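Subject: Structure handover

Hello,

Please find the structure below. My notes on it follow.

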Amino acid sequence: MAHRYFIIYKPYNMVSQFISPDKGKVKLLGDLDFPFPEGTHAIGRLDNHSEGLLLLTTNQKVTRLLFEGERPHQRTYLVRAKGHMLPETLQRLQQGVSIRISRDMHYVAVPHSVAIVPKPEGMPARPSEPPEKAPHTWLLITLTEGKYHQVRKMVGALKHRCQRLIRVSIEDMELGDMQPGEVRELEETVFFDRLKIVPDL
């Protein structure tokens, strides 16, 4: 049976799982209005309060091909940070900041790229999003690594709390004009080509 491949716009306040011990307390991928086939699972994760591009497939090999290969893959996030970020603070972020990755261990996280950007036109509203008039800065951050809550920790290390986090792309796979909760199915060749990975023969 041929494998199937999907991209979704994971909404805010939904976990990247089909089952959870907290069922009834959190929204699950199965709550989306789409008949996913048996065996579908998420590739990677977005935490409950993050949103945006999430990959799903029935092919269990894709996680290894994407995240365990020799070549790092770029993931880009749009971030609303609390307060107005100064140019010197942005420069610190560009050069790398120390984040805690365990109780006794810190790690210098260096982004592939980061820039201050205007709020994109037509961005979907998010429940409980802070008011637009409150001081904030929009950042576009690209990483080639994925420590736990890395983007939130990087921004927080500079005293700018992350107020909204949206993954907008993984390599050439882009969220584009998708809306929260939307699901699109892709052909296998398109899926692998956009992610720049080579399927096992």
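T189 is found in helix α4. Helices here are DSSP runs of H or I with at least four residues, strands are runs of E with at least two, and both are numbered from the N terminus. T189 is exposed, at 61% relative accessible area. Exposed means over 50%, buried means under 20%, and partly exposed lies in between, using a 1.4 Å probe and protein chains only.

Some ground rules. This is a predicted model, in which local features need pLDDT of at least 70 and side-chain atom pairs count only at pLDDT 80 or more, while totals for chains, interfaces and linings use all residues. Residues are numbered from 1 along each chain as its sequence is written, and side-chain values use heavy atoms, with hydrogens and water left out.

Cores

The largest nonpolar core has 22 residues. A nonpolar core is a set of buried Ala, Val, Leu, Ile, Met, Phe, Trp, Tyr and Cys residues joined through side-chain atoms within 4.5 Å. Inside this core, L55, M173, F191 and L195 have the most contacts. At least two core residues come from each of β1 (5-10), β3 (51-57), α1 (62-67), β9 (162-170) and α4 (188-195).

What does F191 touch, beyond residues up to four places away in sequence? Its partners are Y5, F6, I43, L55, L56, V62, M173 and L186. Contact means heavy atoms within 4.5 Å. A second, separate core has 20 residues, including A81, L93, V97 and L165.

Pockets

The largest pocket has a volume of about 560 Å³. Pockets are found on a 1 Å grid over the protein atoms alone: each is an open set of points where a 1.4 Å probe fits, with protein on both sides within 12 Å along at least five of seven lines, and lining residues have an atom within 4 Å of a point. Grid points are joined across faces, edges and corners, and a volume is the space filled by probe spheres set on the points.

The lining of the largest pocket has 26 residues. R45, L46, D47, K147 and H149 lie nearest its centre. β4 (75-82), α3 (150-156) and β9 each supply at least two lining residues. By class, the lining has ten nonpolar, nine polar and seven charged residues. Ala, Val, Leu, Ile, Met, Phe, Trp, Tyr, Cys and Pro count as nonpolar, Asp, Glu, Lys and Arg as charged, and the others, Gly among them, as polar.

The second largest pocket holds about 270 Å³. Its lining has 17 residues, and L78, P120, M123, V168 and G176 lie nearest the centre. That lining divides into twelve nonpolar, three polar and two charged residues.

Helix α2

Which residues of α2 (87-95) are buried? They are T89, L90 and L93. Seen down the axis of α2, these fall within an arc of 100°, so they line one face of the helix. The arc is taken over the directions from the helix axis to the C-beta atoms. The buried residues of α2 pack against β5 (97-102), β7 (113-116), β8 (136-143) and α3. On the other side, P87 and Q95 are exposed. Just after α2, G96 takes a positive phi of about 115°.

Loops

Most residues other than glycine have a negative phi. N13 has a positive one, near 65°. N13 is in the loop between β1 and β2 (41-43), and is partly exposed at 35% relative accessible area. E171 also has a positive phi, near 50°. E171 is in the loop between β9 and β10 (173-174), and is buried at 10%.

G83 is in the loop between β4 and α2. G83 counts as buried, at 17% relative accessibility. Leaving aside neighbours within four places in sequence, G83 contacts P135, H136, T137 and H160. G83 and A134 are 51 residues apart in sequence but 7.8 Å apart in space, C-alpha to C-alpha.

S50 is in the loop between β2 and β3. S50 is buried, at 2% relative accessibility.

Best regards
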